[in-house]
Amino acid sequence: MSMDVESGKGKADRRYDASGRRDRARQQHQAALDAAARLFLERGYSATTVESIALAAGVSAATVYKSYGGKVGIVRSLCERALRGDGAEPAEERSDALRSGDDPRSVIAGWGTLAAEVAPRVSPLMLLLRTAAETDSEAATLYAEVADARLGRMAANARYLVDGGHVRPGVTIEEARDVLWMCTSPEFYDLVVRQRGWSPQRYGRLVATTITGSLLQSGERWVPRH
């Protein structure tokens, strides 16, 4: 009986230790990402080193390299985290689910709401990558990858609008895709929010009303709200 009790206790201890290690690893990863986001946006991509990220996060540089492989891997993880948004389900999945709706205006309004949620997180990272891509080939590859993925999502959204007969006559999938692409671009967000001081929520409404007015059969007149 004593041996069985001790054996069971040992297994429980091992499970506890494993769970504790996983929790510590998650905390370290989160700390590294938070520190990286702050330093990248404060100093820029080139001036931020893995060592400075590790120091700010309170972890070793070896831990950061092991987890992310380097700066590009860190930015990749930051972009993935940003694109998830803050809902229970990833924002991309919620965006895709909206296409099951029958009312295109409600669907587009939902896209605008998601843009207001995600753009403050991902747009600064994309602009950081765009600048880094000018001199760093790995950053250029990641920037193209993320940009291509967004273009693909906009093409799927455009197909929903065109195939559903919601757009004005003559509007092609490619044209609708490009309108959606422009309205959700990091540059568009930067112009109206960072440079002109709009709130993310007001930006999201602008995204929705611009798409609606540009593409749908009967556009809505946009009345700006503060």
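A residue counts as buried at under 20% relative accessible area, as exposed at over 50%, and as partly exposed in between, with a 1.4 Å probe and protein chains only. By that definition helix H4 is mostly covered: ten of its 14 residues are buried.

This is a predicted model, in which local features need pLDDT of at least 70 and side-chain atom pairs count only at pLDDT 80 or more, while totals for chains, interfaces and linings use all residues. Residues are numbered from 1 along each chain as its sequence is written, and side-chain values use heavy atoms, leaving out hydrogens and water.

Start with the overall layout. The protein chain has ten helices and zero strands. Both kinds of element are DSSP runs numbered from the N terminus: helices are H or I with at least four residues, strands E with at least two. Of the chain's 226 residues, 40% count as buried. Contact means heavy atoms within 4.5 Å. Among contacts with a separation of 6 or more, 58% join residues 24 or more positions apart.

Now return to H4. It spans residues 71–84. From first C-alpha to last it reaches 20 Å, close to the 20 Å expected at 1.5 Å a residue. The expected span is 1.5 Å times one less than the number of residues. Its buried residues include Val72, Ile74, Val75, Leu78 and Leu83. Just after the helix, glycine 85 takes a positive phi of about 75 degrees.

H4 packs on H7 (residues 137–163) at an angle of about 20 degrees, with the axes 10 Å apart. H4 is therefore roughly parallel to H7. Axes are lines fitted to C-alpha atoms, for helices over the stretch in contact, and angles run from 0 to 180 degrees between N-to-C directions. Angles under 35 degrees count as roughly parallel, over 145 as roughly antiparallel, 65 to 115 as roughly perpendicular, and the rest as oblique. The crossing of H4 and H7 is right-handed. Val72, Val75, Arg76 and Leu83 of H4 meet Glu138, Ala139, Leu142, Glu145 and Arg153 of H7. By class, this contact has five nonpolar, no polar and four charged residues. Ala, Val, Leu, Ile, Met, Phe, Trp, Tyr, Cys and Pro count as nonpolar, Asp, Glu, Lys and Arg as charged, and the others, Gly among them, as polar.

Follow the chain past H7. Valine 167 lies in the loop between H7 and H8. This valine is buried, with a relative accessible area of 7%. Leaving aside neighbours within four places in sequence, valine 167 is in contact with Leu161, Val162, Leu215, Leu216 and Gln217. Valine 167 and serine 214 are 47 residues apart in sequence, yet 8.8 Å apart in space, C-alpha to C-alpha.

H6 and H9 pack at an angle of about 115 degrees, with axes 9 Å apart. They are therefore roughly perpendicular to each other. From H6, Ala119, Pro120, Ser123, Met126, Leu127 and Arg130 make the contact, and from H9, Pro186, Glu187, Tyr189 and Asp190. These residues divide into six nonpolar, one polar and three charged.

End at H10, residues 200–215. Its 16 residues reach 22 Å, close to the 22 Å expected. Buried residues here include Tyr203, Leu206, Val207, Ile211 and Leu215. The buried residues of H10 pack against H6 (104–132), H7, H8 (173–183) and H9 (186–195).

Technical notes: A crossing is left-handed if the near helix is turned anticlockwise from the far one by less than a right angle, and right-handed if clockwise.
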